[in-house]
Each structure stands twice: as structure tokens, then as C-alpha cells.
Amino acid sequence: MRKIAAFGLLAGVLCTPVLAQNKIEFKEFTLDNGLHVIMHQDNSTPIVNTSVLYHVGSKNEQPDRTGFAHFFEHLMFEGTENIDRGQYMNIIQGRGGTLNAFTSNDITFYYETLPSNELELALYMESERMLHSKVDLTGVETQREVVKEEYRQSYENRPYGTILPETLKRAYSAHPYRWAPIGSLDDLNAAQIEEFQQFYKDFYVPNNATLTIAGDIDYGQTEKWVKEYFSEIPKGTKEIYRPNIVEPKKTEEIRDVIYDNIQIPAVIQAYNLPKQTSPDSYAMNMLSTYLTGGNSSLMTKELVDKQQKALAVAAIPLELEDGGLFIMYGITNMGVAPEDLESEIDKLIKQVQEEGISDQDFAKLQNIMENNIVSSNSSMSGIGQNLAEAHVIYGDTDYINKTMENYSKVTQADIKRVANEYLNLTGRVVLYYLPKPKDGVQ
């Protein structure tokens with residue numbers, strides 16, 4: 001579960017943190033084929049969100065066949081044996097629904113929200129995707145072109161678009177987190193149809209999936225439909241591949257320069273983090289919000305407003321199952337050298353490491369965490385995703401009700417401690433993004 005997005009400081013009068021959380025009620029069961037099912041009933045609005053989380057991401061790929069999980073995010077909208085090609089979206093949208101999916105380093109997540117009287121349709125559609133997805137030459141060739149276009153738009157042609165892949169491949173030397181979910185187009189082009197078919201058989205199986213239904217439902221009827229549509233799907237025959245690779249601790253700083261189609265330089269810093277389930281992740285989330293989360297954050301006030309050395313700054317904890325990254329970037333103001341901006345960023349980090357944060361700022365951070373947790377559970381889609389990730393990532397579906405309590409345990413001393421422990425200058429990655437020279441010489 002992405003516990004807190006590190007953005008959006010609250011403005012206004014500071015109040016005493018309540019740190020209370022409305023309990024999310026749910027029921028869960030597991031089918032004989034291994035499919036775990038979570039149901040949450042909320043009859044206040046006649047909608048229902050249905051989602052399937054497959055515990056497969058880019059980390060489950062082989063080094064010479066990257067990008068498969070993201071590729072399947074697209075491919076599994078192609079159609080099934082019983083749903084005509086290109087009709088998957090049309091059917092859901094034609095019934096007044098919305099749908100989408102995303103892929104990360106750890107998971108692939110499909111979801112749709114429909115009027116609650118269309119729940120049976122949603123369950124049928126997801127069961128078809130799990131049992132009968134079309135993995136054929138036509139679909140593969142179609143989606144190869146789609147992914148190529150996405151790569152061009154999101155990475156090659158977008159200013160600073162390659163920050164994530166360029167950072168990952170330097171921050172990780174052994175773990176498969178070293179490539180981004182988009183993967184390599186060369187790998188996708190080299191792959192044969194049999195390899196795609198095998199990937200589907202290996203990972204898109206009920207014993208590697210969590211089905212979540214949240215909204216205007218009847219528990220008894222929903223369970224009956226789930227069993228009707230999903231019980232027939234056979235369990236996967238192979239053990240799910242999970243990389244058992246420990247990323248070695250870096251003892252030296254890695255520095256590099258990336259020349260991009262940009263006008264203004266940027267400074268990127270990346271620090272390795274512990275596993276997502278580490279108790280320190282709460283303090284790191286609060287630290288990132290304190291540093292760059294909104295107009296009243298430390299670095300925004302100091303570097304953007306006061307010194308005017310940066311146009312924008314951000315600190316993002318990329319939480320990952322096997323150990324993520326704390327990525328910080330700043331885009332320089334006109335005429336400011338990246339070395340100058342980096343120096344000022346480092347000074348502010350050192351300030352927190354030595355002085356910690358004030359009582360007032362700490363109280364504000366507690367309020368922000370509370371607000372963000374409540375907001376993340378304010379929609380059926382948010383609750384559905386948080387329930388699924390609580391079960392898969394944390395091994396406890398009721399983790400959704402413990403997030404606030406975990407943040408309440410974080411102290412000012414914890415924030416100072418994690419700043420010293422993880423924002424280690426000797427083991428970080430530093431990249432300068434610079435404009436490509438006009439004469440082409442670098």
C-alpha cells in the first residue's frame with residue numbers, strides 16, 4: 001500500500017492531531033484454487049469497484065526479457081476467448097463504468113467501477129481475463145506498437161522523462177529493480193509468442209491474484225457470484241518466481257551526467273531505502289513531506305521562494321517490497337548552476353540531520369498524515385486498492401486499519417534518525433540533467 005503520497009501540505013490553523021481512523025469493515029475468503037477474495041460493503045452509493053491485483057511486476061522478469069509485466073497490462077485488455085478483440089473497454093464503458101490498470105515494480109493492478117447492478121458483469125469480465133485472455137500474435141504485435149508509442153511519449157520525448165530508468169540502473173546493481181517497469185523495447189521485440197504465453201501461464205493465475213469488491217454489495221450474493229465465475233479457473237502449476245536477491249549496500253557515491261532535450265538543468269539524488277514493510281517507512285514519508293511536500297515545506301520555502309535557486313523541488317519515497325528509493329530532484333532556476341543547487345539541498349538535509357524538526361512542524365506533519373490516510377480511503381476505488389495491497393504486501397488485510405496507528409508511533413527523534421541513516425551521502429546516486437550541447441559534442 002502506498003501509505004502516503006509525499007505531496008500537499010495543509011495550510012491554515014494548526015490543531016492538535018486526532019490520529020483516529022474510521023474502521024474499514026471487510027470479509028475475506030480463499031477459493032480452493034488459491035484466489036484470495038476481499039469484500040467491503042458500503043451501500044451509501046449505488047456503485048461498486050472490482051479489482052484484481054496480480055502479484056507480478058517488473059522484478060519478476062528476467063534481465064533479457066524486461067517489460068513483460070507492463071506489456072501484459074496492455075495485452076489483457078485485448079479480449080478473451082469469449083470477448084471479441086477490442087471490446088473489453090467498450091463493454092464496461094457501455095454500462096456506465098470506468099476502468100484502468102497500472103504496473104509497478106511489484107504488482108499489476110486492474111480495476112473497474114460500475115453501477116452496483118452491474119457487479120456480475122465485472123466479475124465475469126475479470127474471470128475471463130484470468131482464464132481466457134488472448135495471448136496471440138495479433139494482440140502481441142498490436143501492443144508492441146502501443147508500448148513503443150508510450151515509450152516515446154513518456155520517456156524519449158518528455159523533458160526529464162528518463163529520470164526513473166536512469167536512476168534505477170545506477171541505484172541497483174544486482175536486484176531486478178534496476179530496470180523500470182516499461183522495460184526494454186529490444187527485449188520485447190526479441191521475445192517469441194511462446195514466451196509471452198508462458199509468462200501469462202506462470203503469473204496470471206488465481207493463486208497469484210487477489211480479487212477485491214468494494215461498494216454497494218450484498219455479501220452473500222457477491223460470494224456466490226465469485227465462486228460461480230472463478231472456482232473453475234485452475235491453479236497455476238508452477239511455483240511463482242520471486243527473486244531472492246539482496247541488493248548490496250553501496251559504500252561509494254555514484255555520480256553521472258545525462259544530456260537531455262531540456263532547457264534547464266536538474267539535480268537528482270537517490271538514496272536506497274529498506275523494505276516497504278519496514279517501520280522506518282513511516283518516518284521517511286513524513287520526512288519527504290517535511291522537505292518538499294507543498295508550498296510551506298522546508299525546501300520549497302528556502303530554495304524556491306527565498307533563495308530562488310530552484311523552480312521546483314520534490315522528494316519522493318519510492319516504496320518497494322524488497323527495498324525502495326528516496327528520490328529527490330530539483331530543477332534549477334535560470335542561471336543557477338546545478339552544483340549550487342545541489343550544495344543548498346545538501347545543506348538543508350544536513351540541517352535536518354543535525355537539528356531535527358520543530359514541535360510545530362511535527363504537529364503539522366501528523367495532521368497531514370491523518371488527512372492523507374482519510375483521503376486515500378474516501379472512495380471505493382481507494383479502499384479496494386488499499387485492501388488488496390494490505391493483504392499482498394503486508395500479509396494482513398486489516399493493515400488498512402492500522403496505518404494511522406503506525407504513523408502515530410513516529411517521533412521527532414525517529415525523523416532525525418532516518419534522515420541520518422538513509423540520506424547517506426557516501427552511498428547515494430547523484431545525476432545532473434543538462435541540456436544537450438547545440439553542436440552535439442558532450
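Here is a tour of some helix pairs and a few single residues.

A word before we set off: this is a predicted model, where local features need pLDDT of at least 70, side-chain atom pairs count only at pLDDT 80 or more, and totals for chains, interfaces and linings use all residues. Residues are numbered from 1 along each chain as its sequence is written, and side-chain values use heavy atoms, leaving out hydrogens and water. Helices (H or I, at least four residues) and strands (E, at least two) are DSSP runs, numbered from the N terminus.

**Stop one: α3 and α8**

Select residues 119-132 for helix α3 and residues 219-230 for helix α8; their axes come within 9 Å and cross at roughly 30°. Axes here are lines fitted to C-alpha atoms, for helices over the stretch in contact, and angles run from 0 to 180 degrees between N-to-C directions. The angle makes α3 roughly parallel to α8 (under 35 degrees counts as roughly parallel, over 145 as roughly antiparallel, 65 to 115 as roughly perpendicular and the rest as oblique).

Now show side chains. From α3, L119, E120, L123, Y124, E126, S127 and M130 meet T222, W225, V226, Y229 and F230 of α8, where contact means heavy atoms within 4.5 Å. Sorted by class, the residues of this contact are eight nonpolar, two polar and two charged. In this sorting, Ala, Val, Leu, Ile, Met, Phe, Trp, Tyr, Cys and Pro count as nonpolar, Asp, Glu, Lys and Arg as charged, and the others, Gly among them, as polar.

Select residues 412-422, which is helix α15, and pick out its buried residues: I415, V418, A419 and Y422. Buried means under 20% relative accessible area, exposed over 50%, and partly exposed in between (1.4 Å probe, protein chains only). Those four cover an arc of only 105° around the axis, so they sit on the same side of α15; the arc is that of the directions from the helix axis to the C-beta atoms.

What do the buried residues of α15 pack against? Select β8 (266-272), α9 (280-292), α11 (338-355) and α12 (359-376) to see.

Take α9 next: its axis and that of α15 come within 9 Å and cross at roughly 95°. That makes α9 roughly perpendicular to α15. D280, A283, M284, M286 and L287 of α9 make the contact with D414, I415, R417, V418, A419, E421 and Y422 of α15. Here the classes come out as eight nonpolar, no polar and four charged residues.

V352, Q353, E354 and E355 in α11 meet K416, A419 and N420 in α15, a contact of two nonpolar, two polar and three charged residues.

**Stop three: single residues**

Is R144 buried or exposed? Click on R144 in helix α4 (residues 137-156): R144 is buried, with a relative accessible area of 9%. Leaving aside neighbours within four places in sequence, R144 touches F71, L188, N189, A191 and F196.

K249, in the loop between α8 and β7 (254-260), is exposed at 68% relative accessible area. Draw a distance from its C-alpha atom to that of Y172, 77 residues apart along the chain, and the separation is 9.4 Å.

Last, find Y160 in the loop between α4 and α5 (163-171). Y160 counts as buried at 18% relative accessibility, and its phi is near 60°, a positive value in a residue other than glycine.
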